[in-house]
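Welcome, and thank you for taking a look at this chain with us. Please keep the sequence and the 3D view open while you read the notes below.

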Amino acid sequence: MVPSWLLVCAVVFSLAVLQVLASDTFIAAVYEHAVILPRPTLTRVSPDDALALMNRNMDVLERAIKEAAHQGAHIIVTPEDGIYGWLFTREAIYPYLEDIPDPEVNWIPCTDPTRFGPAPVLERLSCMARNNSIYVAANIGDKKPCNSSDPKCPSDGRYQYNTDVVFDSEGKLVARYHKYNLFMSEATFFNYPEEPEISTFETPFGKFGIFTCFDILFREPAVVLVSELQVDTVLFPTAWMNVLPFLTAVEFHSAWAMGMRVNFLAANTHSTIMSMTGSGIYAPDGARAYYYNMKTEDGHLLIAELDSHPRLSPTSPPAVSWSSYASSVEGWLPHDHDFSGLVFHDKFTFTELTKPEGSITVCQKDLHCHLSYKMAGKRDDEVYVLGAFDGLHVVEGQYYLQICTLLKCKSTDLSTCGQPVETAQTKFDMFSLSGTFGTNYVFPEVLYSGVQLAPGEFEVLKDGRLISKTAPTKPVVTVTLFGRWYEKD
């Protein structure tokens, strides 16, 4: 006969397991890492020297992973380039790469490290996950041999990929993703896969997907993961260089989570010289935790609770008809004082907010942007404009944008409108921004002075208006609807 105390223990254990399996929330962590960089070199270092540098970075990451697990986190995301940096040529990066198999092989590197040949980085990451009972997402490099029978095989006989890996809490490799949209010079030392890869994995706390940095601005794989495969949470290792006024990491990543109605875990590298900072844990209703620091070179751990299935959450924002309200506004007439200005090389049409309150419009091509506003007090030393851009962005990549924006100019000289600005003094009692967007993919941004977000202080209505819920508590740098028209690329 089974002792009664054993039956009680079994029941308690079973209930605990069921509670985890049915969990409505989970604890997420991201770590912004000040990467220890290699010395720049055009040639290879020895494998031992490469591993020594990677172990120094993994020492830092391991401390963050242990602390996250100690605080109850179920999953942690670490940054792109977080293990070896980015100062490479194609030849010089080779010693840092490992041959990463498809997760279908059902492999725990921590317990079977030599199954696919030497893989000390995979082994150590696997053990970090296993020893701390936490999912770990990291970014490393993959190498795959090829030969002359492959017409696309590089001359050095190998493919090299910027690669994300995910290990579950047992240390098993459950996801591998090869970055598809390479950023500028990155394409000189990495290859992209022949077709975009879609990487997902199931957990007791939702369905997850993963992609890397520049991928976020393109339909594949980013939109496919969310819109077609219906993941609940996206993991996002990144090495994001901030570009004001619309593409600082914290504002755009928070906006993307809201626009796509998905959880988004963004882990950035940290380098003030490269303007890299800004990590966050974002839900569809706003940021749960974020970090932006251009003053010091410190890493930082963020931890926050998220809904496992955000689309089912009562706080999930409704579906939006982005052009509904703006299309109903009458009187789309150009202003005599409209003028042009550049924002990140894109030619916007601007009109100045000359009064302390009012309703104005500005148009470019098929995009009409409408703003109603009231300043707490109009200052003579600060100028704000309403801007519109409808066109193809062609600087570091080619992608079609529609943008409506209320933004502060760098000075009272109108020629500075669109230049980067981090601080402001003007507060608004209210604002309402909308546009006649041709795309359903629109990302709402509100950025306060000092590159601060405004969680809980604004909302997007079903008719496409981005409005302040209460009087904004801090001076406004920009209020933006950032539209991405994938079909026109």
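Two strands count as paired if DSSP finds at least two bridges between them. Helices (H or I, at least four residues) and strands (E, at least two) are themselves DSSP runs, numbered from the N terminus. With that in hand, here is a pairing to find: in β4, the bridge partner of I140 is T163.

This is a predicted model, in which local features need pLDDT of at least 70 and side-chain atom pairs count only at pLDDT 80 or more, while totals for chains, interfaces and linings use all residues. Residues are numbered from 1 along each chain as its sequence is written, and side-chain values use heavy atoms, with hydrogens and water left out.

**The chain as a whole**

- The chain holds seven helices and 23 strands.
- Its radius of gyration is 24 Å, close to the 23 Å that the globule rule gives for 489 residues, so the chain is as compact as a globular protein of that length. The radius is taken over C-alpha atoms, and the rule is 2.2 Å times the number of residues to the power 0.38.
- Along its principal axes, the C-alpha trace spans about 80 × 65 × 40 Å.
- Of the 489 residues, 56% are buried. Buried means under 20% relative accessible area, exposed means over 50%, and partly exposed lies in between (1.4 Å probe, protein chains only).
- Among contacts with a separation of 6 or more, 70% are between residues 24 or more positions apart. A contact here means heavy atoms within 4.5 Å.
- The accessible surface comes to about 20,300 Å², and carbon and sulfur atoms account for 53% of it. Accessible areas come from the Shrake-Rupley method with a 1.4 Å probe, and for residues only the protein chains shown count as cover.

**Strand β3 and its partners**

- Strand β3 covers residues 135–145, and eight of its 11 residues are buried.
- On one pairing, strand β2 (residues 75–77) runs parallel to β3, joined by three bridges. V77 has A137 of β3 as its bridge partner.
- Strand β4 (residues 158–167) pairs with β3 in the antiparallel sense, over 10 bridges.

- Which residues of helix α5 (residues 219–228) are buried? They are P221, A222, V223, V224, L225 and V226.
- The cover over these buried residues includes the strands β5 (173–178), β6 (199–203), β7 (206–210) and β8 (233–238), as well as helix α6 (249–260).
- P221 lies in α5, and a cis peptide bond with omega of about 5 degrees joins E220 to P221.
- Just after α5, Q230 takes a positive phi of about 55 degrees.

**Backbone details in the loops**

- A cis peptide bond also runs from L244 to P245, with omega near 10 degrees. P245 sits in the loop between β8 and α6.
- M184, in the loop between β5 and β6, has a positive phi near 50 degrees although it is not a glycine. M184 is exposed, with a relative accessible area of 52%.
- F344 is another non-glycine residue with a positive phi, about 50 degrees. The loop between β13 (339–343) and β14 (346–352) holds F344, which is partly exposed at 27% relative accessibility.

- Is K295 buried or exposed? K295 is exposed, with a relative accessible area of 81%, and it is found in the loop between β11 (286–291) and β12 (300–307).
- K295 and T272 are 23 residues apart in sequence, and their C-alpha atoms are 7.3 Å apart in space.
- I467, in strand β22 (residues 466–468), counts as buried at 17% relative accessibility.
- F431 is 36 residues from I467 along the chain, with 5.6 Å between their C-alpha atoms.
- Beyond its neighbours within four places in sequence, I467 is in contact with F431, S432, F458, E459 and L461.
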